[in-house]
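This report describes one protein structure in plain terms. Look at the sequence and the model first, then read on.

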Amino acid sequence: MGLEEDIRAIEDEIKNTKYNKATSQHIGRLKAKLAKIKDDMVMRAIKSVGGGEGFSVKKSGDGTIVLVGFPSVGKSTLLNKLTGAQSETGSYAFTTLTVVPGLMEYKGAKIQILDIPGLIAGAAMGKGRGKEVIAVVRTADLIVILGDVFNAVHVDVLMRELYDSGIRINKPKPDITIKRTGGGGIRLNRVGAVKLGLEEVRAILGENKIMNADVLIRGSNVTQDDLVDAMQGNRIYIPAFIAINKVDLISDAQRKEVEEHMREKYGVDPIMISAHKGYHIEELQDAIYEHLGFVRIYMKPYGEEADMEEPMIMRKGSTIEDICHRLHRDFVDQFRYAKIWGTSVKHDAAKVGLKHVVEDNDIVTVVTKL
Ligand SMILES: Nc1nc2c(ncn2[C@@H]2O[C@H](COP(=O)(O)OP(=O)(O)OP(=O)(O)O)[C@@H](O)[C@H]2O)c(=O)[nH]1
C-alpha cells in the first residue's frame, strides 16, 4: 500500500470505530499513527521548499495576512482592491505565479497582505504548488479563507488542507507539556477536569516511541487530537475567517442560502463580498483589523506631552519589552522602568516592568538608564 492508501485506511477505521472507554486507547493509537504518516509527508514537502524565488516572503508592517483560496476565486482582484498593488489578474487558473505582497493601511495600521497561488485538494501533500503555498500560509498572523459563491464546497477542502498542513485555525494552543525523562514510564499530571486518562496518553505517546515522560495537561477541553498535536510539536495556531467572493453574480436569495450554509457548517457568518464591484470591502477590512487584535499605544517621551497623533500599533498581548524592541535595539538593555496611563494599570502613572502587558489606548513612557 502507498502512503496515501495507508492514510485513507486509518481515517476510515477511526471514523468507523465508536469512541468509548474500551476503544479509546486504540483510537488514540490510530490518531497518533495517522499524524505521524501525514507529518512525514507534509513536513518533508515543506522542508524541501528552499525559499525558492517568490516564496521567501519578507514580513513587513504591523501584521501579515494571507489570502487562501482555490485558483480563480478572485484573490488577485481582492488584493488590488484592498491595497492598490498591481497583482496580475486573469481568468486562467494559476495566473498568480509568485507571492504578491501588498500593504493595506487601515485605521493607522499597516497590514501586509499576501496573495499566493490557489490551493487545491491535496495541496498539503504537495499537489499543485501546495508545499510552497503552505510554507507561506504557516507564516501568517491571520488567514482569510476566500471562497466563491458557486463553489462554497471549496471552503471544506481548504479547511482540510490547512488542517493536514498542521495549521489549527481559531483555536487557542492547548495547554499541554510533554517532558521526556530517562525512566519511570509515563507520568500524567492533570489540572482541571481533564478527560484524557493515563492509558490513552500512554497509548498515544507509545505510538511515537515515547515511553518515559512527564505529561502536564491543563483544561477540561483537551482532546486526543490535541495531545497528538502537542506530541508532533509542529502545529501552528492561527486565527482565520471566511469571505465569499463574487456575490455580484447571484440573487439575494442565493446569497442568503450560501450564508446560511456557512453559518450552519462553521458557526460563523461569512463576509459576502465582491472584489470586482467593491461590495462589502470596508466590512472585510474591519474584520481583518479586528481579527489581528491590534492595540494602539501612545508614546509619551519623558517630561514631554504624549504624541496622540500617531499611535504605535501593537498586537494584543504585547508587553513593554515588545515596545522597547520596536523603539530601539538598546532599549531593553538600558531599561529602568516604564510609566503607564491607561486601563492596563490600577492608577495613572503607575510604574511597570518589561513583562507588563499593555492595552489599547495606553500612554507609555519608557525610562532608560542613559
Ligand atoms: N463577477 C466577479 N468576478 C470576479 C470577482 N472577483 C474576481 N473576479 C474575476 O474572476 C477571475 C479570477 O480572478 P483573479 O483575481 O485572477 O483570481 P485569483 O484567485 O487570483 O486566481 P489565481 O491567480 O489563478 O489563483 C477574473 O476574471 C476576475 O475578474 C467578483 O467579485 N465578481
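Ile273 touches Ala243, Ile244, Asn245, Val247, Tyr279, His280, Ile281 and Leu284, leaving aside residues up to four places away in sequence. Here two residues are in contact if their C-beta atoms, placed from the backbone, lie within 7 Å. Ala243 is 30 residues from Ile273 in sequence, yet their C-alpha atoms are 6.8 Å apart in space.

The model is predicted: local features need pLDDT of at least 70, side-chain atom pairs count only at pLDDT 80 or more, and totals for chains, interfaces and linings use all residues. Residues are numbered from 1 along each chain as its sequence is written.

Ile273 lies in the loop between strand E11 (271–272) and helix H9 (281–292). Helices (H or I, at least four residues) and strands (E, at least two) are DSSP runs, numbered from the N terminus. Ile273 counts as buried because 24 other C-beta atoms lie within 10 Å; the cut-off for buried is 20 or more, exposed is 12 or fewer, and partly exposed is in between, with C-beta atoms placed from the backbone.

The domain bounds below come from an automatic or database domain assignment.

| Domain | Residues |
|---|---|
| domain 1 | residues 3–47 + 174–234 |
| domain 2 | residues 63–170 + 237–292 |
| domain 3 | residues 294–368 |

The centres of domain 2 and domain 3, taken over C-alpha atoms, are 34 Å apart. Five residues of domain 2 are in contact with five residues of domain 3.

Helix H8 (residues 252–266) is followed by Gly267, whose phi is positive, near 70°.
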